Amino acid sequence: MKKKRFSTITKKIILYIVLADIILCSIVFATSYLSFNRQFREQYDSSIREICAAAREFLNPDDFANYRLTREKDQTYENVNNMLQNMVDRFELNMIYVSAVDAPDYTHIFYFYDPTGKNFKYKPYPLGHEEDYRQKDYNASTKLVFEEGATIVRHTFKTRSGSHITAQLPVYDSQGNIVAVIGAQKSIQQFVNARRAFVRFVILTALIFAAGFVILFTGYFDIRFIKPILLITNETNRFATYNGQPSEKLLSVKNRDELGTLANSVYQMEAAISNSIDVLTRITTETAEALASAIDAKDKYTHGHSTRVAEYSKKIARMAGKNETECRDIFLAALLHDVGKIGVPNNIINKQGKLTDKEYEVIKTHPVIGRQILANITQTPHISDGAFYHHEHYDGTGYPKGLAGKEIPDIGRIIAVADAYDAMTSKRSYRDPLPQNVVRAEIEKGLGSQFDPEYGKIMLRLIDEDKDYKMCEKPEI
């Protein structure tokens, strides 16, 4: 039995596994960072505990009850305070404090000692200073010291007093009772700065390594893999979005593997789809044009009206920034905007005199009839909007719904301008086409009332560009 071989494209994709080196490198760096962080913290934790324990040895806890009662210093107190101050200076501490904190919430503090460092911005508290201090971490750790005799080390970052580490130990009297807590606090800004520098080093090293790796392999991947894939993807998206012609760029993929086969297959598929779309579009357009001609034929004075309105509408849509698909839909909708006139009697449509109110009401039904006729065209659902909304006015005075402004769909507002323009530039039983300057004035007058100002102004631009007044009904030869 013949062994199954990996496809060429699979072999190329396997090369991406090499990128796992970057992940492994990141893991190594992350491990180094965690180790660096752990070692520093262990070093600081051990150091601050030892300092705090050494400071505790200088205390005379049996004197604390008298100090709290009298709040008077004696020579022993001064000696202890000096030794604590020496430790603060020697080890560059923020402070060493000794205090009694009262249960049950451990927020009320009585200070026995509070020598502070030279660079610490807070002044030391004197013997007997009392305060209520509510800080969640401090209250919780102090409670553990007094109730369980625990040794606590807390790390505090980015506070008003900077980043620091604090050790708290219980102070026992000769009877074994916990009578105070001693705390030693030291700045760890040096550690924070060192950690920040290490993070920068880790990131910079990772970026350099990744950049070198990418530069090494990008040339190969770019030529043999990335560019062909992106080309096929982009051209497929372009074709799907615009339903355009197949791109000759696809034939530039010369890979002798599945990518080359895929590019050629996509080209052949696009060519077949494009041809089918062209055929269907032609059939659809020709059918719509035939139906529009049949509609226009009902009115002997509107020959070619629907086709002209469709052309004008497409021009307005294109200048308004609509894509080709939207322009095509608007063109078809405009071709069929008067399809509802099929349901209006010929004697009313071709009446030469003024319509009666009753006859005008019949005429006003053609948008509704048009929508009913076109509603079954599900592939282009908006096509019926042209028939239904092209007699709505921007100020809400139109029909059949009396909608205003943006309530009227785009197709209706575009066709309304084109329809009115063609009506004024076409021959009628009672007049010839109006002069171009008169038509322009009427369009300008209707901005914001009959017409959407945006589409009306585009129509004015088209008029201004039509120096020879070609946009009008041509006389029959």
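Predicted model: local features only at pLDDT ≥ 70, side-chain atom pairs only at ≥ 80, totals over all residues.
Contact here means heavy atoms within 4.5 Å.

Helix α16 covers residues 453-465. Tyr455, Gly456, Ile458, Met459, Leu460, Leu462 and Ile463 are the buried residues of α16. These buried residues pack against α8 (305-319), α14 (410-424) and α15.

Two of those pairings come with some geometry:

| Helix pair | Angle | Axis distance |
|---|---|---|
| α15 and α16 | about 165° | 10 Å |
| α14 and α16 | roughly 35° | within 9 Å |

Take α15 (residues 436-445) to begin with. Angles over 145 degrees count as roughly antiparallel, and α15 and α16 are therefore roughly antiparallel to each other. The crossing of α15 past α16 is left-handed. On the α15 side, the contact uses Gln436, Arg440, Ile443 and Glu444, while α16 brings Gly456, Met459, Leu460, Ile463 and Asp464. Sorted by class, that contact has four nonpolar, two polar and three charged residues.

Now for α14, which makes a right-handed crossing with α16. Here Asp410, Arg413, Ile414, Val417 and Tyr421 of α14 meet Tyr455, Gly456, Met459 and Ile463 of α16.

Notes
Residues numbered from 1 in each chain as written. Heavy atoms only, no water. Axes fitted to C-alpha atoms, helices over the stretch in contact; angles between N-to-C directions. Helix = DSSP H or I, 4+ residues; strand = E, 2+ residues; numbered from the N terminus. Parallel < 35°, antiparallel > 145°, perpendicular 65-115°, else oblique. Left-handed = near helix turned anticlockwise from the far one by under 90°. Nonpolar A, V, L, I, M, F, W, Y, C, P; charged D, E, K, R; others polar. Buried < 20%, exposed > 50% of the residue type's maximum accessible area, 1.4 Å probe, protein only.
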